[in-house]
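The following exercises are to be worked through with the structure in view. Each task is followed by a solution in steps.

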Amino acid sequence: MRDTARKVEEKYFSNLATHVEFLPVEWRSKLTLDGDTVDSITPDKVRGLRDMLNSSAMDIMYYTSPLYRDELVKGLQQELNRLYSLFCSRNPEFEEKGGKVSIVSHSLGCVITYDIMTGWNPVRLYEQLLQKEEEEELEERWMSYEEQRLLEELYVTKQRLREIEERLHELKASTISKPPVLKFKVENFFCMGSPLAVFLALRGIRPGSSGSQDHILPRTICNRLLNIFHPTDPVAYRLEPLILKHYSNISPVQIHWYNTANPLPYEHMKPSFLNPSKEPTSAPDTESASAAPSPTTSPVMVRRHYGESITNIGKASILGAASIGKGLGGMLFSRFGRSSATPQTMETGKDGPEGDEKKATTAGTPPLPHSSSGFLEPTVELEHRIDFELREGLVESRYWSAVTSHTAYWSSLDIALFLLTFMYKQDQEETDKSNLDTI
């Protein structure tokens, strides 16, 4: 990602005074977890595949285990804060000049980072569930007078205990200011190949009536959330339908190829229906519940765009570059490269040697034109788009892409340009305005 971002930066953003620095957040190797227990029970046949599953899918099992979840959260949180403090100590003017920090997460790293920022705690949720069950038991279950009296006494005692604990917590909080979980405000939270939407759906998040990002991630915590995925990545899911239900039938924003001449700014791209012929033009509330798509998935899309894919070279290595690369020239062969997919990357910007960085601010979406031929005409729109999709390639096999796409985001030039576009957005706009004023 450093290499690809450097190439893109030199090509498109060399006229800006600011600079984006990428700091890899490698937190996994420091954790003890179960030691080598899982490794010792892993059979030897197809060992390579099993090791890959142990190092990726197994982390999800660790994270859903009450024994190891806290260790994973604290491990990432501490490493994020350590790197930020270290960077600021070496660049003392970064905070003074208003430097901004973005986080790029991959796969499960998106979920862990989200939980760190929002403070989501399954233990607290479980306590609330137990309290609700106690109240229902008192109201509904038939019992003797003596049993009912004792249960009511127990319930009142627990309520009193909770009140005392809350008062004690408030007293401590008033005397000792609790430090923030993260030492910095997150400007942009980029999720790549993220299963976050599934985790949120399983936690009970359902679509609302407002198009605000606050429905799943308050702007006070993170200025902008962006969900990046390849269409065949089996681990990635959409987030927009968790905010507004009808976005399950609105296509994600297509990410520009890095060598596109004069690309249309993302905030000016019109949302369009995945199935225009079937989509009613009335308000989304008229949809029947039985026909509604899943809140975390979208219908299978026809192949609308052809060009760079992060899996094209994986395909070429099997079928032969000569047989499938003809006509596409060298375009396909500069995109794909295997790299060790570290779960997190924290991006810290600085102003040249001094340490200041101006990153992306939220760009509001302009009013959408009304159309009767497949373009969006809802009563409620998202404040800004969240789901961004890489374009599929002409020669790629979707089944092979499903194997390779999840780990190949880091080396994509398209993604590097996408990240820098949003982080440099404010500086780019100021530079353009300055040039217009000069003219």
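**Exercise 1.** Which residues are exposed on the other side of H1?

*Solution.* The model is a predicted one.
Step 1. Begin with the buried residues of helix H1, which spans residues 2-12: they are Thr-4, Ala-5, Val-8 and Glu-9.
Step 2. Viewed down the axis of H1, these buried residues fall within an arc of 135°, so they line one face of the helix.
Step 3. On the other side of H1, the exposed residues are Asp-3, Lys-7, Glu-10 and Lys-11.
Step 4. The cover over the buried residues of H1 includes E1 and helix H14 (413-423).

**Exercise 2.** Determine how H5 and H7 are oriented to each other, and describe their contact.

*Solution.*
Step 1. Two packed helices are described by the angle between their axes and the distance between the axes.
Step 2. For H5 and H7 the angle is about 80°, and the axes lie 10 Å apart.
Step 3. Angles of 65 to 115 degrees count as roughly perpendicular; H5 and H7 are therefore roughly perpendicular to each other.
Step 4. From H5, Arg-69, Leu-72, Val-73, Leu-76 and Gln-77 meet Gly-109, Ile-112, Thr-113, Asp-115 and Ile-116 of H7.
Step 5. Sorted by type, the residues of this contact are 5 nonpolar, 3 polar and 2 charged.

**Exercise 3.** Which residues have the most contacts inside the largest nonpolar core?

*Solution.*
Step 1. The largest nonpolar core has 51 residues.
Step 2. Ile-112, Phe-189 and Leu-239 have the most contacts inside this core.
Step 3. H5 gives the most to this core, namely 8 residues.

Conventions:
Residues are numbered from 1 along each chain as its sequence is written. This is a predicted model: local features need pLDDT of at least 70, side-chain atom pairs count only at pLDDT 80 or more; totals for chains, interfaces and linings use all residues. Side-chain values use heavy atoms; hydrogens and water are left out. A nonpolar core is a set of buried Ala, Val, Leu, Ile, Met, Phe, Trp, Tyr and Cys residues joined through side-chain atoms within 4.5 Å. Buried means under 20% relative accessible area, exposed over 50%, partly exposed in between (1.4 Å probe, protein chains only). Helices (H or I, at least four residues) and strands (E, at least two) are DSSP runs, numbered from the N terminus. Axes are lines fitted to C-alpha atoms, for helices over the stretch in contact, and angles run from 0 to 180 degrees between N-to-C directions. Angles under 35 degrees count as roughly parallel, over 145 as roughly antiparallel, 65 to 115 as roughly perpendicular and the rest as oblique. Contact means heavy atoms within 4.5 Å. Ala, Val, Leu, Ile, Met, Phe, Trp, Tyr, Cys and Pro count as nonpolar, Asp, Glu, Lys and Arg as charged, and the others, Gly among them, as polar. The arc is that of the directions from the helix axis to the C-beta atoms.
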